[in-house]
Amino acid sequence: MKIVVCVKEVPDMESKFKIVDNKIDESQIAFKMNDFDQYAVEAALQLKEKHGGEVIIVSSGPERSQKQVRQAFAMGADWGIQITDPGVDEGDNSVVASALCGAIKSIGDVDLVMTGVQAEDDQAGVTCPMIADMLGMPHCTNVVKLEKTGDKELSLNRELEGGLNEQLAIGLPCVLSIQSGINQPRYPTLPGIMKAKKKRLDVKKASDLGVSAVGADGSKTVFIKRFFPVSEHKAEIIEGDPKTAAKKLVEKLKNEAKVL
Amino acid sequence: MARILVIAEQRQGKLSESTLELCKAAKAIAEGLGAAPAAAAFYKDDSIANEVAKYIPEVISVVDAKLENYSSDGFAQAIKAVVDSQDVKGVLIAHSYDGIDLAAKVAMVLGAGIVSNCNKVAVNGGQLVFTRNTYNGKIQEERSVKTDKFVATFEKGAFDKEAPGGAGKVTAVSASIGDIRTKFKGFVETQAGSVDITQAKIIVSGGRGTKEKDKYNDVIVNLAKKLGGEYAASRPVVDAGWTDPARQVGQSGKTVTPALYIACGISGAIQHVAGMKGSQCIVAINKDPEAPIFNIATYGIVGDLFEVIPAMMEALG
Ligand SMILES: Cc1cc2nc3c(=O)[nH]c(=O)nc-3n(C[C@H](O)[C@H](O)[C@H](O)COP(=O)(O)OP(=O)(O)OC[C@H]3O[C@@H](n4cnc5c(N)ncnc54)[C@H](O)[C@@H]3O)c2cc1C
Ligand SMILES: Nc1ncnc2c1ncn2[C@@H]1O[C@H](COP(=O)(O)O)[C@@H](O)[C@H]1O
């Protein structure tokens, strides 16, 4: 099987966020692979181990984000395409999806494409259905179980509300968005990390992939502004060192909230 | 008049609460744009359409045996048929499991821009401005759509539920539903567990900040026992196998409303908050002062849970 996994670099959400000119100030931020994408990489590697083939990583982001692609290589992915193009980064989800799609088409004869359920930074959850439609493939989102049941067929569980799953069958080729918990993503081994450095990584621009609609002009939506949420209901912060704060909290729970 | 069209959502024949919230949203948007609120219902018969008609003045119903269960192909074809035959300006979809699966596909089929996962919308000089959560709820952004039509998904709770009462007009639209490339096989329940945390008066809940299974047990389980309550967890804790899936709180877990919910090392992602925001008193213990959980908590302690929880145990005597 030829499996493509889309991997996105996102900020570590525990970083200190600052907004300068409507942009995130990246100087204080640590970056990592989107959590959901790790599960997608693991799912792809397990399929390859069982049924043979190759796992190809496709990612769009600044040069820095090659680190996340190498991380997927260290887990066991074979090679990758990195789209580094400010025009794509400045575009909306549909621009990014068409660039990813351009890369996937350039690989040719892909059996399966996997994404994460959502990117932790933009929380859009739109990329999987968009890519599928652009490639003319069927899709399924929020996949929590996955098995190859035939030469051209997968059996899936799609997560639904409150612990319910839908069981379904889908033909290959298709596009899936992978939900956390489907597996336990492996940690790269030391030999894996060494090998990852030498694996093939093609760096492309949108125009190399036949994508011309980029940036704000190529987007269908318009970014207006970014801001910290103002909560009408902010918690009463209990100050003091851990001992003092804990003691005050217990008193408040007993005497003020009367829940203990 | 151009319509703002809600896509009705059902599971096993039951209309979702999110659909009622979208009816409220459609009315607000329609009023701001001088458009008309409407809904579309896709099902094996007219029952869902008739149910939605209690909440909105016009319902367009596409009836086909292939639409009994949701599928992106079936629903996208039905929506295309509705949009091709009626004047539709925008499509509103719940940011739910089916909604996430459907919305971006619909946007592609209609050639429309999509703003997903919104929690607010305003009309500003005839232009819709959507507000949405980003960065796990730490930062919000505003976005609008450039294309003639738009698709938007709204998170649960973004609007109040519309009250029933009306008797909207139901119009049938015929659509020939062709190939459905995902074959529905059935439903399975996956979280049936031995414990029912929804009955607990006190819940101590641990998140990824508890670091590892032994530490989760050490702090969260012990504090819960000391308080005579139940212990629970956010999704990453369950995903990692530190505790039982029956103890997961949130959109894909349990909804709980205890008198006291203590969230330890939980950031407060919307999908977690969806399952516990109805608690009477919420305590958040988190080392990040900007964690969104502090926006919904009653009391907060900014600090290391591995210091604060032992101190609480001591204070409890
Ligand atoms: C479709 C869908 C459904 C989902 N359903 C659910 C659901 O049902 N339930 C659910 O919980 N999530 C759900 N999620 C996942 C959700 O988006 C978040 O990823 C998840 O809730 C984050 O869990 P967390 O807060 O434990 O971890 P994180 O977001 O990683 O937060 C960990 C927190 O711990 C704090 N911390 C770290 N160390 C310490 C310390 N020593 N002391 C104090 N604080 C510390 C950090 O500051 C941080 O705020 C769902 C996601 C999707 C896409
Ligand atoms: N810039 C990107 N590069 C690679 N993959 C991406 C990118 N943006 C989104 N994806 C993929 O699409 C998924 C969903 O992202 P989103 O639709 O933005 O929430 C992610 O988990 C990734 O797998």
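The area buried between domain 1 of chain B and domain 2 of chain B in this predicted model is about 610 Å², with carbon and sulfur atoms giving 47%; buried area denotes the accessible area (1.4 Å probe) that two parts lose on being put together, summed over both. On the side of domain 1 of chain B, 62% of the buried area comes from B:Y97, B:N136 and B:K138 together, the residues that lose the most area to domain 2 of chain B. The domains span residues 3-172 and 197-316, respectively, with bounds from an automatic or database domain assignment, and their C-alpha centres lie 34 Å apart. Five residues of domain 1 of chain B are in contact with seven of domain 2 of chain B (heavy atoms within 4.5 Å).

One salt bridge is counted between the two domains, defined as a side-chain nitrogen of Lys or Arg within 4 Å of a carboxyl oxygen of Asp or Glu. B:K138 forms a salt bridge with B:D288, the closest N and O atoms being 2.7 Å apart.

In chain A, residues including A:C6, A:D37 and A:T127 are among the closest of the 20 that surround ligand 2 (a heavy atom within 4 Å). Oxygen atoms of ligand 2 lie 2.8 Å from a polar backbone atom of A:A119 and 2.7 Å from one of A:G125. The protein buries 98% of the 480 Å² that ligand 2 exposes when taken alone (Shrake-Rupley method, 1.4 Å probe; for residues, only the protein chains shown count as cover).

Residues are numbered from 1 along each chain as its sequence is written, chains are lettered from A and ligands numbered from 1 in the order in which they are written. Local features need pLDDT of at least 70, side-chain atom pairs count only at pLDDT 80 or more, totals for chains, interfaces and linings use all residues, and side-chain values use heavy atoms, with hydrogens and water left out.

Key. A polar contact is a pair of N or O atoms within 3.5 Å; within protein, one must be able to donate a hydrogen and the other to accept it, and residues adjacent in sequence count only if both atoms are side-chain atoms.
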